[in-house]
Amino acid sequence: MWELTTMYDLIFLYYLMQVPAIQQKRTVAFLNQFVVHTVQFLNRFSTVCEEKLSALSLRIQQIETTLNILDAKVSSIPGLEDVKFEVSSANMNSVTNGPVGQTTTDQQTQNTIHEEGLQKTEVVTENVRTVAKDPRYARYLKMVQVGVPVMAIRNKMISEGLNPDLLE
C-alpha cells in the first residue's frame with residue numbers, strides 16, 4: 001500500500017492512525033448541504049437566465065415585426081423594382097431630416113450625373129458580382145436608402161444568415 005522509506009513516514013503513519021475517522025453522518029450532512037445549496041443556486045441562476053432570454057426573444061420578435069412592416073412598406077412603393085443605386089460610406093454618413101418631397105433642380109441635376117456615372121461603372125464591372133446586384137441583399141440596401149436604422153438591418157441580416165459587414 002504505502003512505501004515507507006524514512007523515519008518521518010513511519011511517524012506520520014503513526015499519527016495518522018491516531019486521528020479518529022470523520023463520522024459518516026456528519027460527512028453525509030455536509031455533502032447534502034453542499035448539494036442543496038448548489039441546486040438552489042443553479043435554480044435561481046437558470047430562472048434569471050430564462051427571464052433574460054425570454055425578454056431578449058420578445059425584443060427580437062418586435063424588431064423582426066418592425067422590419068417586416070418596413071419591408072412591406074418599401075415593397076409597396078411603385079417603381080422601386082427598377083431603381084439601381086450604389087451605397088457608399090458618404091451616403092451612409094449624410095442623413096437629412098428635411099421633407100422628402102422637396103427637391104431642387106440642382107439636386108435633380110446631381111442625381112442625373114450620379115446615375116450616368118453608375119451606368120458607366122455597371123458596364124465596366126458587368127462580370128463582377130457585387131452586393132448591390134445580389135438579390136438577397138437588395139431589400140436590405142433599399143432599407144438603408146429609405147432610412148431604416150443600420151443596426152436593425154444588421155440584426156435582421158444576421159438572423160437570416162447573411163453577412164451584415166457587406167452593407168458597408
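**Overview**

I reminded myself before anything else that this is a predicted model. I counted the elements and got six helices and zero strands. Read from the N terminus, the order is α-α-α-α-α-α. I then checked burial over the protein: of its 168 residues, 13% are buried. For contacts between residues at least 6 apart in sequence, I noted that 50% join residues at least 24 apart.

**Nonpolar core**

Which residues make up the largest nonpolar core? I found twelve of them: Leu-67, Tyr-137, Tyr-140, Leu-141, Met-143, Val-144, Val-148, Ala-152, Ile-153, Met-157, Leu-162 and Leu-167. Helices α5 (135-146) and α6 each put at least two residues into this core. The largest share comes from α5, with five residues. I jotted down the general rule beside this: in soluble globular proteins, nonpolar side chains tend to be buried together.

Tyr-140 is in contact with Ile-153, Lys-156, Met-157, Glu-160, Leu-162 and Leu-167.

**α5 against α6**

How do α5 and α6 run relative to each other, roughly parallel or roughly antiparallel? Their axes come within 10 Å and cross at roughly 170°. Angles over 145 degrees count as roughly antiparallel, so α5 and α6 are roughly antiparallel to each other. I noted the crossing as right-handed. From α5, the contact uses Tyr-137, Arg-139, Tyr-140, Met-143 and Val-144, and from α6 it uses Ile-153, Lys-156 and Met-157.

**α2 against α6**

I looked at helix α2 (residues 24-75) next. The axes of α2 and α6 also come within 10 Å, crossing at roughly 105°. That angle makes α2 and α6 roughly perpendicular to each other. On the α2 side I see Glu-64, Leu-67 and Asn-68, which meet Ala-152, Lys-156 and Ser-159 of α6.

**Lys-156**

Is Lys-156 buried or exposed? Its relative accessibility is 9% and the limit for buried is under 20%, so Lys-156 counts as buried. Leaving out residues up to four places away in sequence, Lys-156 touches Glu-64, Leu-67, Asn-68, Arg-139 and Tyr-140.

**Arg-154**

I stayed in helix α6 for Arg-154. Arg-154 has a relative accessible area of 18% and is therefore buried. What lies 3.3 Å from a polar atom of its side chain? I traced that to the backbone oxygen of Pro-164. With residues up to four places away set aside, Arg-154 touches Pro-164, Asp-165, Leu-167 and Glu-168.

**Val-146**

My last stop was Val-146, back in helix α5. At 51% relative accessibility, Val-146 counts as exposed, since the limit for that is over 50%.

Definitions and conventions
Residues numbered from 1 in each chain as written. Predicted model: local features only at pLDDT ≥ 70, side-chain atom pairs only at ≥ 80, totals over all residues. Heavy atoms only, no water. Buried < 20%, exposed > 50% of the residue type's maximum accessible area, 1.4 Å probe, protein only. Contact = heavy atoms within 4.5 Å. Core = buried A, V, L, I, M, F, W, Y, C linked by side-chain atoms within 4.5 Å. Helix = DSSP H or I, 4+ residues; strand = E, 2+ residues; numbered from the N terminus. Polar contact = N/O pair within 3.5 Å; in protein donor to acceptor, adjacent residues only side chain to side chain. Axes fitted to C-alpha atoms, helices over the stretch in contact; angles between N-to-C directions. Parallel < 35°, antiparallel > 145°, perpendicular 65-115°, else oblique. Left-handed = near helix turned anticlockwise from the far one by under 90°.
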